[in-house]
Amino acid sequence: MDRRVIWEKASELARLIADSEQARRYRDAKAKLDDSPEAQSLLRRFRELQEAVAEFQARRVPPMHYRHVIEEADRLLADMRRMPEIASFEEAERDLNQLLDAVSSRLQRGLSSPPNR
């Protein structure tokens with residue numbers, strides 16, 4: 001099989017995945033998440049807190065000195081998980097990742113098995 005045929009099959013697989021129920025739910029959930037100012041605000045603040053923790057860790061600051069940042073991030077994460085837009089997005093993302101992992105595993109098994117001729 002030449003490279004052109006492989007690329008055609010890969011493009012076909014990509015289209016099938018993009019047209020899947022998992023991909024559709026992911027796109028819908030992402031759009032709802034993007035359209036929620038409250039969710040976007042919480043996500044932005046959570047990223048800021050994550051960056052602050054990473055900076056403290058990179059500078060080897062003892063956690064007791066930034067415990068308040070970790071606690072705020074934990075509270076924020078709990079709040080975010082209660083938001084329907086974020087919960088739906090996380091579920092859709094998890095489902096899509098499971099599909100992609102299954103496809104990847106199938107490809108890997110195909111590569112490690114001897115060809116049937």
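Predicted model: local features only at pLDDT ≥ 70, side-chain atom pairs only at ≥ 80, totals over all residues.
**View 1. Helix α2 packed on helix α5.**
Here we've zoomed in on α2, residues 21-34, and α5, residues 84-112, whose axes sit 8 Å apart at an angle of about 150 degrees. That angle makes α2 roughly antiparallel to α5, since anything over 145 degrees gets that label. As for handedness, α2 and α5 cross in the left-handed sense. On the α2 side, the contact is built from Gln22, Ala23, Arg25, Tyr26, Ala29, Lys30, Lys32 and Leu33. Facing them from α5 are Glu85, Ile86, Ser88, Phe89, Ala92, Glu93, Asp95, Leu96 and Leu99. Sort the residues of this α2 with α5 contact by type and you get 9 nonpolar, 2 polar and 6 charged.

**View 2. Ser36 in the loop between α2 and α3.**
Next up is Ser36, which belongs to the loop that links α2 to α3 (37-58). Ser36 has a relative accessible area of 9%, so it counts as buried, the cut-off being under 20%. Look for a polar atom of the Ser36 side chain: it lies 3.2 Å from the backbone nitrogen of Ala39. Leaving aside residues up to four places away in sequence, Ser36 touches Met83 and Glu85. Glu85 also turns up in View 1, as one of the α5 residues in the contact with α2.

**View 3. Helix α3 packed on helix α4.**
This pair brings together α3 and α4, the latter spanning residues 67-82, with axes that come within 10 Å and cross at roughly 150 degrees. The two helices, α3 and α4, are therefore roughly antiparallel to each other. The crossing of α3 past α4 is left-handed. From α3, the contact takes in Leu42, Leu43, Arg45, Phe46, Leu49, Ala52, Val53 and Phe56. The α4 partners are Val69, Ile70, Glu72, Ala73, Leu76, Leu77 and Met80. By type, the residues in the contact of α3 with α4 come out as 13 nonpolar, no polar and 2 charged.

**View 4. Gln57 in helix α3.**
The last stop is Gln57, a residue of helix α3. Its relative accessible area is 48%, so Gln57 is partly exposed.

Note on methods: Residues numbered from 1 in each chain as written. Heavy atoms only, no water. Axes fitted to C-alpha atoms, helices over the stretch in contact; angles between N-to-C directions. Helix = DSSP H or I, 4+ residues; strand = E, 2+ residues; numbered from the N terminus. Parallel < 35°, antiparallel > 145°, perpendicular 65-115°, else oblique. Left-handed = near helix turned anticlockwise from the far one by under 90°. Contact = heavy atoms within 4.5 Å. Nonpolar A, V, L, I, M, F, W, Y, C, P; charged D, E, K, R; others polar. Buried < 20%, exposed > 50% of the residue type's maximum accessible area, 1.4 Å probe, protein only. Polar contact = N/O pair within 3.5 Å; in protein donor to acceptor, adjacent residues only side chain to side chain.
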